[in-house]
Amino acid sequence: MIVTIVAQTVVSGLRPLLSYEALALDASATELGVLTASFSVVSLIVAVPLGRAVDRWGERPFLTVGLAVMAAVSLSLLAPQRLTSLVAGSALLGLGHLGTMLGIQTLIARTEDGAQGDRRFSVFTIVNSTGQMLAPAAAGLLAGHVGAADAAGGSFSGSRAFAAAAIATALGLAASVGLGRSPRSRGGRAGRAVRLPRGGFRTVLKVRSMPNALLASFTVLSSIDLLGAYLPAYGAQRGLSVRTVGLLLAVQGAASLVARVGMLRLIRLLTRRRLLSLSMLVAAGGLAALPLVDQLPGLCLLMVVIGFGLGLGQPITLGWVAEHAPDGLQGTAMSMRLGGNLLGQTLVPVSVGAVAWATGLAAAFLSPAALLATAGFFVFRSRLRE
């Protein structure tokens with residue numbers, strides 16, 4: 001959990017700051033979309049092979065290397081940047097985050113016993129929410145104040161936040177030393193590869209309703225990404241400071257945390273399928289209303305609604321995928337879920353960025369709202385396990 005909160009805090013803190021760095025370089029809405037997509041494009045290519053490697057070699061080496069890559073990226077951001085270097089740094093940050101999260105999720109999946117899957121992934125995502133809640137506000141405080149004119153003039157500097165991210169990731173590396181192999185790991189002794197079950201990708205994909213779980217997961221995560229990427233631009237357009245935008249993202253993270261704390265009770269009340277579809281529709285409504293509100297109290301209220309709705313998608317789909325993954329292919333199943341997320345993170349921001357460039361920033365919020373509503377409808381009509 002220490003490794004998890006470090007990784008999530010660093011990523012959640014750095015990604016909005018990368019958008020501000022790009023704005024300081026006069027990046028357009030389309031270029032912001034490219035920057036956002038770069039976080040996932042390299043990871044998308046290697047996700048499934050990396051999952052197979054985790055099944056073969058075990059979790060710990062991959063999460064440790066992932067943390068090391070994140071630390072290196074944090075340090076590199078202390079140097080003067082160009083838009084191309086920001087895109088490269090974002091891509092490496094995504095690759096490091098993929099290795100860390102895949103290692104942690106596979107470790108949890110291999111130690112869960114079916115009935116406890118929702119509970120353990122609920123705890124895991126609560127820790128993630130803690131990072132999402134703390135990181136934007138802390139990054140905003142470290143980066144200082146910047147308004148629309150400052151961003152356009154290129155005066156933004158996040159050096160203190162980047163240095164703090166490097167220190168935090170080093171602490172995560174120290175914590176990873178204490179991680180052993182999961183009790184049910186099929187990796188055999190450390191450093192020894194094992195023979196994997198046949199089928200892999202196709203075997204996992206044939207599991208009942210797996211496509212619906214993957215659809216819900218990547219739609220929710222893409223929406224979270226778009227919100228984090230374009231809220232700074234929305235705030236700059238309306239004269240909101242970095243600290244105010246950080247506060248709004250922190251409110252979203254806090255609402256997600258509350259939703260995940262109460263998730264098990266909500267599942268018992270509504271069933272897994274209904275709760276997942278309802279949460280996606282609630283988030284869609286909040287995102288659709290966001291461009292219509294420009295007062296801080298109203299924005300905070302909408303971020304509560306959006307955060308609550310988006311907070312439930314990841315733990316519900318994580319628990320389901322872990323519970324139904326074929327034995328010995330947990331890493332492959334988790335990498336397919338992450339790969340689906342990355343596909344959405346790659347295609348959706350670029351597409352939405354192009355639409356936002358042509359029609360205005362409102363499209364950056366209306367587009368994910370439409371995607372969430374559509375995916376929520378399909379999930380409701382699916383045969384996803386109750």
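In this predicted model, the axes of helix 9 (residues 210–237) and helix 10 come within 10 Å and cross at roughly 155°. An angle over 145 degrees counts as roughly antiparallel, so helix 9 runs roughly antiparallel to helix 10. Their crossing is right-handed. On the helix 9 side, the contact involves I224, L227, G228, L231, P232 and G235. These residues meet V245, L248, L249 and Q252 in helix 10. By class, the contact of helix 9 with helix 10 has 7 nonpolar and 3 polar residues. No charged residue takes part in the contact of these two helices.

A second pairing joins helix 1 and helix 2 (residues 29–57), whose axes come within 10 Å. The crossing angle of helix 1 and helix 2 is roughly 150°. Helix 1 and helix 2 are therefore roughly antiparallel to each other. The crossing of helix 1 and helix 2 is right-handed. Helix 1 contributes V11, R15, L18, S19, A22 and L23 to the contact. Helix 2 contributes L32, L35, T36 and F39. The contact of helix 1 with helix 2 divides into 7 nonpolar, 2 polar and 1 charged residues.

Helix 3 (residues 60–76) packs with helix 7 (residues 159–176), and their axes come within 8 Å. These axes cross at roughly 160°. Helix 3 and helix 7 are therefore roughly antiparallel to each other. The crossing of helix 3 and helix 7 is left-handed. From helix 3, the contact draws on R60, L63, T64, L67, A68, M70, A71, S74 and L75. From helix 7, the contact draws on F162, A165, A166, T169, G172, L173 and S176. By class, the contact of helix 3 with helix 7 has 10 nonpolar, 5 polar and 1 charged residues.

The structure holds 2 cavities of 30 Å³ or more. The second largest cavity has a volume of about 70 Å³. Lining this cavity are G13, P16, L17, Y20, P136, A139, G140, V242, V245, G246 and L249. Helix 1 (2–24), helix 5 (117–143) and helix 10 (242–261) are the elements that give two or more residues to the lining of the second largest cavity. By class, this lining has 8 nonpolar and 3 polar residues.

Key. Residues numbered from 1 in each chain as written. Predicted model: local features only at pLDDT ≥ 70, side-chain atom pairs only at ≥ 80, totals over all residues. Heavy atoms only, no water. 1 Å grid on protein atoms, 1.4 Å probe; cavity = no way out; pocket = protein on both sides within 12 Å on 5 of 7 lines; lining within 4 Å. Points joined across faces, edges and corners; volume = space filled by probe spheres on them. Helix = DSSP H or I, 4+ residues; strand = E, 2+ residues; numbered from the N terminus. Nonpolar A, V, L, I, M, F, W, Y, C, P; charged D, E, K, R; others polar. Axes fitted to C-alpha atoms, helices over the stretch in contact; angles between N-to-C directions. Parallel < 35°, antiparallel > 145°, perpendicular 65-115°, else oblique. Left-handed = near helix turned anticlockwise from the far one by under 90°. Contact = heavy atoms within 4.5 Å.
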